[in-house]
Amino acid sequence: MSSKPSIDPTWTTTLGKALSPRSEWPDKDELLDVIYWGKQVLSLLVGLVFGFTPMTGFLGILSYIVISSVVAQHYVTKFQSVDEDEVGGFWELSKEGFGAAFATYMVTWITVYTYTMTE
Amino acid sequence: MDKKTKKLERKKKTIGGGAESVQDKSAKKKLEREEERLKATNRDMSMFKMKSMFAIGLAFTALLSTFNSIFEGRVVAKLPFYPIGFVQGLSHRNLIGDDMTDCSFIFLYILCTMTVRQNLQKMLGFAPSRAMARQQSSPWAPPSSQMNYLR
């Protein structure tokens, strides 16, 4: 019963794996971490676009939720070709880092919208 | 903690798939001892975390009162949506006027705290471990009474 010594991946190797399609993810938590940070970046981008457009009303919130869930699901199933049940299913993927990502989106959206309105 | 829990998970999987033998039983006993040690460490960690959370709570309260004295009654942002009932209480706190899209500092402060705190925790490795959460509700970890026959 010899177990292989586990080597923690550095953030550069994880980023490399995250950006290349069909990478091997022996540790599913690593993939969930990629989804967490990916959602942060996506929130920032969507917040910037919706703020400058400017998108208003609850359509902005609803659109973000849909975009965030669909992108995360497509990234895992289509880009990485990982069975979504291996990482807990659609619900678990949507929930991963949702609170922090939503807060990031709201802060960016509100800040950029305020800037656009005052300019 | 996270590394240890993952190591334990892996060991459990290896033993779980193996055949019953004397060697296997001794390995299971060893595993249980390790699990107990991990639980004890987790308890100590929880105490430490509670203290640090208390300190963070105090720091954020102090920060809130400081910001409150600076930005109270000022419109700090314009909301791109019309907030619903209970959100209005926060987003329009201490503001004059009926325009509900005016945003008070407290609403933005809460959002900023949410994003900054969680991202910092994740970045510095203080976020609650997924492996620990799984361990506590894992099918691999039956209640100790069920494992007594192994002892």
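The legends below describe close-up views of a predicted model.

**View 1. Chain A as a whole.** Chain A has 5 helices and 0 strands (DSSP runs numbered from the N terminus, helices being H or I of at least four residues and strands E of at least two). The C-alpha trace spans about 65 × 25 × 25 Å along its principal axes. Of the 119 residues, 45% are buried (under 20% relative accessible area; exposed is over 50%, partly exposed in between; 1.4 Å probe, protein chains only).

**View 2. Helices α2 and α3 of chain A.** The axes of α2(A) and helix α3 (residues 58–79) come within 10 Å and cross at roughly 145 degrees (lines fitted to C-alpha atoms over the stretch in contact, with angles from 0 to 180 degrees between N-to-C directions). Residues in contact (heavy atoms within 4.5 Å) include A:Leu31, A:Ile35 and A:Phe50 of α2(A), and A:Tyr64, A:Ile67 and A:Tyr75 of α3(A).

**View 3. A nonpolar surface patch.** A:Val41, A:Leu45, A:Leu48, A:Phe52 and A:Tyr115 form the patch, with about 490 Å² of accessible area together (Shrake-Rupley method, 1.4 Å probe, only the protein chains shown counting as cover for residues). Patch residues have over 30% relative accessible area and no salt bridge, and nonpolar side chains (Val, Leu, Ile, Met, Phe, Trp, Tyr) are joined within 5 Å; a salt bridge is a side-chain nitrogen of Lys or Arg within 4 Å of a carboxyl oxygen of Asp or Glu. Helix α2 (residues 28–52) of chain A gives the largest share, 4 residues.

**View 4. A:Phe52.** A:Phe52 lies in helix α2 of chain A. A:Phe52 counts as partly exposed because its relative accessible area is 49%.

**Notes.** Residues are numbered from 1 along each chain as its sequence is written, and chains are lettered from A and ligands numbered from 1 in the order in which they are written. Local features need pLDDT of at least 70 and side-chain atom pairs count only at pLDDT 80 or more, while totals for chains, interfaces and linings use all residues; side-chain values use heavy atoms, leaving out hydrogens and water.

Technical notes:
Patch = residues over 30% accessible without salt bridge, like charges linked within 9 Å, V, L, I, M, F, W, Y side chains within 5 Å.
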